[in-house]
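Reader: I am new to this structure and would like to learn how to read its salt bridges. Could you take me through them slowly?

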Amino acid sequence: MTKEIRSAQIIALLNEYNITYQFTWDQEVTISNYCPLSNLKENSITWVRHASDTPVTELNRLQDVLLVAELGAEIPGAQFPVIYAGNAHRTFFRILQRFFAEDDPENRIPGIENTAIVETENIGQDVYIGHHSFVGKDVTIGNHVQILQNVVIQGHVVIGDFSIIEPGVAIGGCGFGHYKDEEGINIRVPHLGGVRIGARVRIGANTCIARGCLDDTEIGDDSKIDTLCHIAHNVKIGKNTMIVSGCQLAGSSVVGDNVWMAPGTSIKNQVTVGNDAATGMNALITKNLDPGCLAVQENAKYYGERFKNAFFR
């Protein structure tokens, strides 16, 4: 059955979230799909970050295409309906989350797949555990957690409500800590800590998070870690922090709240990155980064002020 979403329903959603907007069309518009600007389709909703990038001529030829654009940025010559909204990026994807949630393959029906091995009994409500995943006996899983395929979680690990663990993630393995014995042989340090993951955290595919040595490795509420990242033993990550693909956080480093860590960033062991700081691609952080500062490139050219508009809102 074809989905039919009326513009009045979308406007109701904007009002529900108290979003400031202007709607340019005085007639009802019905959409059934979504699309990017690079592949426009009729009866669809799309969005543009910068009004100057709008393909006006092509949009004018299409039937029932609804565009979400930034409030205050008029699109000259538009003969199609436009919702000008505060923060078009956030508004567009909030609309998709409400009306097209069933198209997201990660919206799983709660349950444990028959190929998963789950030893723990500490599992909350409405949890999904995917094929070929292993969850050890000392793991505690909150409510509405999704653990996808081929995940390994072992040791004393706590996962908060509504968190998502993507395929191939390994959580709770031993960190890379050693001492030399009397003959100079490297001996592994016992890692007796665990991992504590907050609520609404997302861990990207094939990321590894080591358990702590004497204390826990910690990831705060609402933080998101991308694919192929390494979080070493005893690392502390604050709340609402974004760690993008390929980052490496060495042992006992500390990352504050609301930090943006660009792809390929490396943090030296025992270094602290303050709240609201940011890094550029492939930055090598070898000394403490003050709150609100921006560090770019190898060994970091440190700037005293972070330009917040340089990053996604």
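**Reading the salt bridges**

Author: At 31% relative accessibility, Asp138 counts as partly exposed, where buried means under 20% relative accessible area, exposed over 50%, and partly exposed in between, computed with a 1.4 Å probe on protein chains only. This is a predicted model, in which local features need pLDDT of at least 70 and side-chain atom pairs count only at pLDDT 80 or more, while totals for chains, interfaces and linings use all residues. Residues are numbered from 1 along each chain as its sequence is written, and side-chain values use heavy atoms, with hydrogens and water left out.

Reader: What does Asp138 form with Lys137?

Author: Side chains of opposite charge can pair when their charged atoms come close. Asp138 and Lys137 form a salt bridge, with their closest N and O atoms 3.3 Å apart; the term means a side-chain nitrogen of Lys or Arg within 4 Å of a carboxyl oxygen of Asp or Glu. Lys137 is exposed, at a relative accessible area of 55%.

Reader: How many salt bridges does the structure hold?

Author: There are 8 salt bridges in the structure, and one of them joins the side chains of Lys236 and Glu218 at 3.4 Å, N to O. Lys236 lies in strand S27 (residues 236-237) and Glu218 in strand S24, so this pair ties together parts that are 18 residues apart in sequence; strands here are DSSP runs of E, at least two residues long, numbered from the N terminus.

Reader: Which residues are linked in a network of salt bridges?

Author: Asp215, Glu218 and Lys236 are linked in this way, and Glu218 is partly exposed, with a relative accessible area of 32%.

Notes: Helices (H or I, at least four residues) and strands (E, at least two) are DSSP runs, numbered from the N terminus.
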